[in-house]
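Here is a short tour to read alongside the sequence and the fold. Keep both in view as you go through the points below.

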Amino acid sequence: MPEVTDGEGVGGRRVTPPVPAPKAKPASRVRMSAAQRREQLIATGRQLFAERGFDATSIEEVASRAKVSKPVVYEHFGGKEGLYAVVVDREVRALLDRITTALTAGHPRELLEQAALALLTYIEEETSGFRVLVRESPLMSGTATFSSVMNDVAHQVEHILGAEYKSRGYDPKLAELYSQALVGMVALTGRWWLEVRKPRKETVAAHLVNLAWNGLSHLEAKPTLITARRH
């Protein structure tokens with residue numbers, strides 16, 4: 001009588017089928033603390049607002065990218081407007097801190113260099129944050145915008161220029177006008193450089209300061225328009 005085998009036998013030998021390996025348990029998801037979840041949602045919102053702007057970003061997209069449910073986002077921020085306000089507030093403080101910390105020199109020209117480099121470095125290292133600031137904020141949001149941030153910077157420059165103008169016999173009341181012009185020049189150039197990234201930031205800063213400083217060093221005490229002189 002032939003020998004009974006388990007599976008296919010070879011030469012009448014019993015073959016034992018291999019024992020299947022135990023299934024690996026699915027990796028358990030690490031549960032975030034409330035603070036960690038909040039930081040994750042802020043980072044996710046920052047990226048989406050930078051990519052699409054406020055209006056084109058939805059709570060559904062934020063929740064989906066963060067792999068949470070919509071109620072989690074609402075629980076932390078109350079809605080899209082709340083998340084946006086937190087993101088913008090953080091970027092405003094980060095940019096102002098960079099610029100104010102950079103202003104350490106005693107000479108006005110060096111201060112201009114430091115301010116220009118601080119802004120360009122922020123654009124280079126925190127591109128998403130800068131994109132959030134330069135995009136239009138939602139109407140009636142009450143959040144700070146890039147223009148309001150630059151206005152704060154201009155007020156700091158105004159104090160520097162005011163003292164310098166007074167020592168040179170210029171009207172210090174015009175320091176506000178010139179500070180707005182200088183900061184606006186750097187800010188708009190920064191928005192342009194955000195997209196082209198050429199030339200390198202040090203070269204851009206040097207040319208900005210070249211234009212600003214050489215212009216300031218040859219100021220007329222009471223400038224008039226050439227076209228007005230012809231009439």
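Aspartate 89 is partly exposed in this predicted model, because its relative accessible area of 40% falls between the 20% and 50% cut-offs. Its partner in a salt bridge is arginine 93, with 3.1 Å from N to O.

- Aspartate 89 and arginine 93 sit four residues apart in helix α4, which is about one turn of the helix.
- Arginine 93 has a relative accessible area of 44%, so this residue also counts as partly exposed.

**Other salt bridges**

- How many salt bridges does the structure hold? The count is 12.
- One of them joins arginine 90 to glutamate 39, and their closest N and O atoms are 2.6 Å apart.
- Arginine 90 is partly exposed at 32% relative accessibility, and glutamate 39 is partly exposed at 37%.
- Arginine 52 and glutamate 61 also meet through their side chains in a salt bridge, at 1.7 Å from N to O.
- Arginine 52 has a relative accessible area of 36% and is partly exposed; glutamate 61, with 24%, is partly exposed as well.
- A network of salt bridges links Arg46, Glu91 and Glu126.

**Backbone features to look at**

- For orientation, most residues other than glycine have a negative phi, and most peptide bonds are trans.
- Which two residues are joined by a cis peptide bond? They are lysine 198 and proline 199, with omega at about -10 degrees.
- Proline 199 is placed in the loop between α8 (175–196) and α9 (201–216).
- Arginine 197 is found in the loop between α8 and α9 too, and has a positive phi of about 55 degrees although it is not a glycine.
- With a relative accessible area of 31%, arginine 197 counts as partly exposed.
- Lysine 67 is another non-glycine residue with a positive phi, here about 60 degrees. You will find lysine 67 in the loop between α2 (59–66) and α3 (70–77).
- Is lysine 67 buried or exposed? Lysine 67 counts as exposed because its relative accessibility of 63% is over the 50% cut-off.

- Alanine 187 has its place in helix α8.
- Alanine 187 counts as buried, because its relative accessibility of 4% is under the 20% cut-off.
- Which residues is alanine 187 in contact with, leaving aside its neighbours within four places in sequence? The contacts are Leu119, Phe146 and Met150.
- Alanine 187 and serine 147 are 40 residues apart in sequence, while their C-alpha atoms are 8.9 Å apart in space.

Key: Residues are numbered from 1 along each chain as its sequence is written. This is a predicted model: local features need pLDDT of at least 70, side-chain atom pairs count only at pLDDT 80 or more; totals for chains, interfaces and linings use all residues. Side-chain values use heavy atoms; hydrogens and water are left out. A salt bridge is a side-chain nitrogen of Lys or Arg within 4 Å of a carboxyl oxygen of Asp or Glu. Buried means under 20% relative accessible area, exposed over 50%, partly exposed in between (1.4 Å probe, protein chains only). Helices (H or I, at least four residues) and strands (E, at least two) are DSSP runs, numbered from the N terminus. Contact means heavy atoms within 4.5 Å.
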